[in-house]
Amino acid sequence: MRFSNSTHSLKTLMLIGSFVTGVNSYNVQAQSVTAPTEGQQLVSTVDTSLDGSEKFVLRIDGKPFYPASIQVRLDKLYGYQGWGDADLEKVLKQAASDGFNTVGIPVFWREVEPTKGKFSWTILDKYMNWCKKYNLRMELLWFSWSSGGRVQYLWNYGGRKEPRTPDYVCSINGTSEYNMLRDEWEYSLDWRDMNLCERERVVLSEVMNHIAQWDEANGNPHTVIGVQLGNEARGHGENTATSTEIINYYHHVGAAVKKSNYVVWTRLNCVNPETKDRTLANEKKRAEGGTNIDFVGIDLYGTNAASVKGDINGMLGHNGSNYRMIMEIDAKDSNSPLYQMAALAGDKAFSYYNFCVVDGNALYNGNGTELVELGHVNDVRNRNKILNAANQDIALKSHGKNLYVYNFTGSNNNSETGLEGISYKPTSTRSQGIAIRHSDTEIVLLSTEGGTFTIPSSLGMTSAEKGRYDENNQWVSEGNYRYIGSRVALTAGLAVRIVTLPTSIEKVNNDKIAGISYFDLTGQEIKNPLPGRLYIERTLYKDGTVNSVKRIF
């Protein structure tokens, strides 16, 4: 499907970026794309307009999207563990079964360009085909030459060793056509080397145009939804690149995505102490004309729920138009599912690191090629299930406005009052709940491990159904749901929609009014409403009808 029009797109901006290399300035023409040019597909965007949303929103084909995401190191499973294709495919099948809607998969320079000027799409096609088969969205993690600023192994198994780059970029002997800053293992190239930067842009352009061709040949599933332009880019060895230099480097590389026939969001992850400066550098570039890096996020290991909900000790605050995302967090930590909900309470996206076996941070251990789940895997599944059951609302609504996350710390089972006076009592200390105002007459309730929602009488609950919202954000009912009085008790991973009295649509009625009364959000009648407060205004007409409307006095 080619792009036509979108209410969430802005005009394309052309800019001239300055890439500083010591005392010299390298000028590159790049495109900061928020609307595509003729012939381009606009697959995904970061919508910062706040038009129809309460927070910044990721969109795919114009629709709001909230990722239930995990990184899957297929590269290390075959390159370090020796796993074959059948076992790699089973990993993605299990990720889909666990409710993840998005997987981040690393792709390396040598995998797509084994020798200079000769491209191979075998590995990339394999990944995209598997993701399409299991209905997973794929973020392409473009590791190129750098992982933490150094060249590492792509293959280190069975006596065979290969770096992640083709030999002309960096060979196993530490030779390169480009400027080497560390010529012994682990090697490092130079962020200031514009010849290297331009070559990387050319190669990523080839990757993106191949993705466009694959997508068209496969019925336009839009499987690839984003590109991580680099992995924890930083200085290594003698490499002392600044935040501005690294942002300039990836701004130029990012033009490969924004000028391709397949336009998606771009992001950059950071080691946590470096996140703030990288974010500020990218926002400065955005303000001065535009950036090809849509957002900068953090890789976070060792934390707590309050920090995840907040600004993470100042490292991921509200900076300009930066969409906030925790791009890696330790999946083996039994508290990581709790942090997933804390991130939602902090209006952030969230991705686990990683799915299985490698690096000591995995959600699954391995017995050979068999996956052995950790004790908190069901906690992850339950949270993914509810994120998918109300995905577009979760993408659009902000905590404390039309969405509320209960027990965001996952540390108590006390009753808590949140959205519109609705309270939630967890069945266990780890159980977290969400309430969302979907429409004028609909509220959706969700629970991770189970709990009871108590609905104020002032909301006028009339019915309840279990089910989910579909890809068009329409409710798909799975039948009526039994509730007792004002209490709706949910089991683990369940979504229930309740129907309430209208909150904002006033009844048109020319009959004379019999009387008006006011109530607070708990249902307590108020004789004298105070200015600036939100109340329920209940109008009784002489024909016996009643209309309840929320009003701020």
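Reader: How do helix α2 and helix α4 pack, at what angle, and is that roughly parallel or oblique?
Author: In this predicted model, α2 covers residues 85-97 and α4 covers residues 122-133. Their axes lie 10 Å apart, and the angle is about 45°. Angles under 35 degrees would count as roughly parallel. The two helices α2 and α4 are therefore oblique.

Reader: Is the crossing of α2 and α4 left-handed or right-handed, and which residues of α4 make the contact?
Author: The crossing of α2 and α4 is right-handed. On the α2 side, the contact comes from D85, L88, E89 and L92. Facing them in α4 are K126, W130, C131 and K133.

Reader: What about α5 and α6, are they roughly parallel or oblique?
Author: Helix α5 runs over residues 194-217 and helix α6 over residues 243-258. They pack with axes 7 Å apart, at an angle of about 25°. Angles under 35 degrees count as roughly parallel, so α5 and α6 are roughly parallel to each other.

Reader: Which residues in α6 meet α5, and what is the hand of the crossing of α5 and α6?
Author: From α5, the residues include M194, L196, C197 and E198, with R201 and M208 also among them. They meet Y249, Y250, H252, V253, A255, A256 and V257 in α6. As for the hand, the crossing of α5 and α6 is right-handed.

Reader: How far apart are the axes of α9 and α10, and at what angle do they pack?
Author: Helix α9 spans residues 336-345, and helix α10 spans residues 377-389. Their angle is about 30°, and their axes are 8 Å apart. That angle makes α9 roughly parallel to α10. The contact pairs P337, L338, Q340, M341 and L344 of α9 with D379, V380, R383, N384, I386 and L387 of α10.

Reader: On to the rings: how many aromatic pairs are there, and why is the pair F119 and W121 stacked?
Author: The count comes to 23 aromatic pairs. For F119 and W121, the ring centres are 5.8 Å apart and the planes are at 10°. Planes under 30 degrees apart count as stacked, so the pair F119 and W121 is stacked.

Reader: What kind of pair do F295 and Y323 form, and how many residues apart are they in sequence?
Author: Here the distance is 5.2 Å centre to centre with 75° between the planes, and the pair is edge-to-face. F295 is buried at 0% relative accessibility, and Y323 is buried too, with a relative accessible area of 6%. F295 lies in strand β17 and Y323 in the loop between α8 and β18, so the pair ties together parts that are 28 residues apart in sequence.

Reader: Which ring does the charged end of R538 sit over?
Author: There's a charge over a ring at K309, whose charged end sits over F408, 5.4 Å from the ring centre. For R538, the distance from the ring centre is 4.5 Å. The ring under R538 belongs to F519.

Reader: Taking the chain as a whole, what share of the residues is buried?
Author: The chain has 11 helices and 35 strands. Among contacts with a separation of 6 or more, 67% are between residues 24 or more positions apart. Of the 553 residues, the buried share is 57%.

Definitions and conventions:
Residues are numbered from 1 along each chain as its sequence is written. This is a predicted model: local features need pLDDT of at least 70, side-chain atom pairs count only at pLDDT 80 or more; totals for chains, interfaces and linings use all residues. Side-chain values use heavy atoms; hydrogens and water are left out. Rings of Phe, Tyr and Trp (its six-membered ring) pair if their centres lie within 6.5 Å; planes under 30 degrees apart count as stacked, over 60 as edge-to-face and the rest as tilted. Helices (H or I, at least four residues) and strands (E, at least two) are DSSP runs, numbered from the N terminus. Buried means under 20% relative accessible area, exposed over 50%, partly exposed in between (1.4 Å probe, protein chains only). A charge sits over a ring if NZ of Lys or CZ of Arg is within 6 Å of the ring centre and within 35 degrees of the ring normal. Axes are lines fitted to C-alpha atoms, for helices over the stretch in contact, and angles run from 0 to 180 degrees between N-to-C directions. Angles under 35 degrees count as roughly parallel, over 145 as roughly antiparallel, 65 to 115 as roughly perpendicular and the rest as oblique. A crossing is left-handed if the near helix is turned anticlockwise from the far one by less than a right angle, and right-handed if clockwise. Contact means heavy atoms within 4.5 Å.
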